[in-house]
Amino acid sequence: MDDEFVFDGGRPCLDLVNTVRERYLGGRDLLTGPAALSEWLVAAGLAGRRPRVTATQLDEFVELREAIDAVVMGRATPRAVRLLNESARCAPLPVPQLRFRAGRLDRAEPVPADPVATARARLAVDAIELATDGTPVRECGAGDCSLRFADYSQKHNRQWCSMARCGNRVKARAHYARIRKGRKEESYPAGTGA
C-alpha cells in the first residue's frame, strides 16, 4: 500500500479512520505528526488552508479516530461513545463581533472558529450519524487492505474499498490464477496424475 491519503470511505469519519493502513498487520499511521494532520484536514476538505495543529490536537484526533473505528465496526465501548459525544458537543460556534461603522455600533463578520477543533467536532458528528443511520460499514475484502467504507450499494454487498484501488486488483489476481491453473491442468493429461 502507498502512503497517500485515500478518500474512498464514503464518509469523512471513515476517511479519518483510513489514515491507518494495514490494520491487519497492526497498523501503519499516516498521521505521523501535526503537519501530516494539517495536510489531511486540507485534503479532506475540512480546512481551507493548512491550519496550525498542535501535538495535543494530533493526539485528540488519533484518539477520536480509534473511537470512530470501534463504534462503526461494532466494537463500541462506553469510553469510545463518550469520546464521540464529547467531541461532537465541542463544536465551536463562530464568535460574534462588534465594530464601529460610521460612528455606530454594527455587527461584524464572526471570527472563524478554530478550524482544527471544528473539524474534530464535524468528524464526531459524522460518525454518530453513520453509527445510527443503518448504513453498513465494511472492511475491504482484499486480503492486503483493511480500509473501511460505507456500503451504499443497493444490496449492501460491496466487497472492496474501491473498484480502482482493490476490486480490479483482486479480480485480476483471480483471473490470472485461473489461467495458471488451466495451464497446469493442460501440462498433465487426464489420468497421468501429477
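Visitor: Which residues of α4 are buried?

Guide: In α4, the buried residues are A80, L83, L84, S87 and A88. Keep in mind that this model is predicted.

Visitor: What do the buried residues of α4 pack against?

Guide: They pack against α3 (55–72) and α5 (115–132).

Visitor: How many residues does α4 have, and what does it span?

Guide: α4 has twelve residues. From first C-alpha to last it reaches 16 Å, close to the 16 Å expected at 1.5 Å a residue.

Visitor: Take S87 in helix α4. Is S87 buried or exposed?

Guide: S87 has a relative accessible area of 1%, so it is buried. The cut-off for buried is under 20%.

Visitor: Which residues does S87 touch?

Guide: Setting aside residues up to four places away in sequence, S87 touches L64, R120, A121 and A124.

Visitor: Now the core. How should I read a nonpolar core?

Guide: Start with the general idea. In soluble globular proteins, nonpolar side chains tend to be buried together. Here, the largest nonpolar core has 33 residues. Those with the most contacts inside it are L37, W40, L41, F61 and I68.

Visitor: Which elements give two or more residues to this core?

Guide: α1, α2, α3, α4 and α5 do. The largest share, eight residues, comes from α3.

Visitor: What is F61 in contact with?

Guide: Leaving aside neighbours within four places in sequence, F61 is in contact with L16, L37, L41, V116, A119, R120 and L123. Another core lies apart from the largest one. This other core has nine residues, among them A142, F149, W160 and C166.

Visitor: How do I read an aromatic pair?

Guide: A pair of aromatic rings is described by the distance of the centres and the angle of the planes. In this model the count comes to one aromatic pair. F7 and W40 form this pair, with 6.3 Å centre to centre and 25° between the planes. The pair is stacked.

Visitor: Which parts does the pair tie together?

Guide: F7 lies in the segment before α1 (12–17), and W40 lies in helix α2 (residues 34–43), so the pair ties together parts that are 33 residues apart in sequence. F7 is partly exposed, with a relative accessible area of 34%. W40 is buried, at 0%.

Visitor: What about backbone angles?

Guide: Most residues other than glycine have a negative phi. E22 is not a glycine, yet has a positive phi of about 55°. H156 also is a residue other than glycine, and its phi is positive, near 55°.

Visitor: Where are E22 and H156 found?

Guide: E22 is in the loop between β1 (20–21) and β2 (28–29). H156 is in the loop between β6 (148–150) and α6 (163–187). E22 counts as buried at 18% relative accessibility. H156 counts as partly exposed at 38%.

Visitor: Last, the whole chain. How many helices and strands does the protein chain have?

Guide: The protein chain has six helices and six strands. From the N terminus on, the elements run α-β-β-α-α-α-β-β-α-β-β-α. Of its 194 residues, 37% count as buried. The accessible surface comes to about 11700 Å², and 53% of this belongs to carbon and sulfur atoms.

Conventions: Residues are numbered from 1 along each chain as its sequence is written. This is a predicted model: local features need pLDDT of at least 70, side-chain atom pairs count only at pLDDT 80 or more; totals for chains, interfaces and linings use all residues. Side-chain values use heavy atoms; hydrogens and water are left out. Helices (H or I, at least four residues) and strands (E, at least two) are DSSP runs, numbered from the N terminus. Buried means under 20% relative accessible area, exposed over 50%, partly exposed in between (1.4 Å probe, protein chains only). Contact means heavy atoms within 4.5 Å. Rings of Phe, Tyr and Trp (its six-membered ring) pair if their centres lie within 6.5 Å; planes under 30 degrees apart count as stacked, over 60 as edge-to-face and the rest as tilted. The expected span of a helix is 1.5 Å times one less than its number of residues. Accessible areas come from the Shrake-Rupley method with a 1.4 Å probe; for residues, only the protein chains shown count as cover. A nonpolar core is a set of buried Ala, Val, Leu, Ile, Met, Phe, Trp, Tyr and Cys residues joined through side-chain atoms within 4.5 Å.
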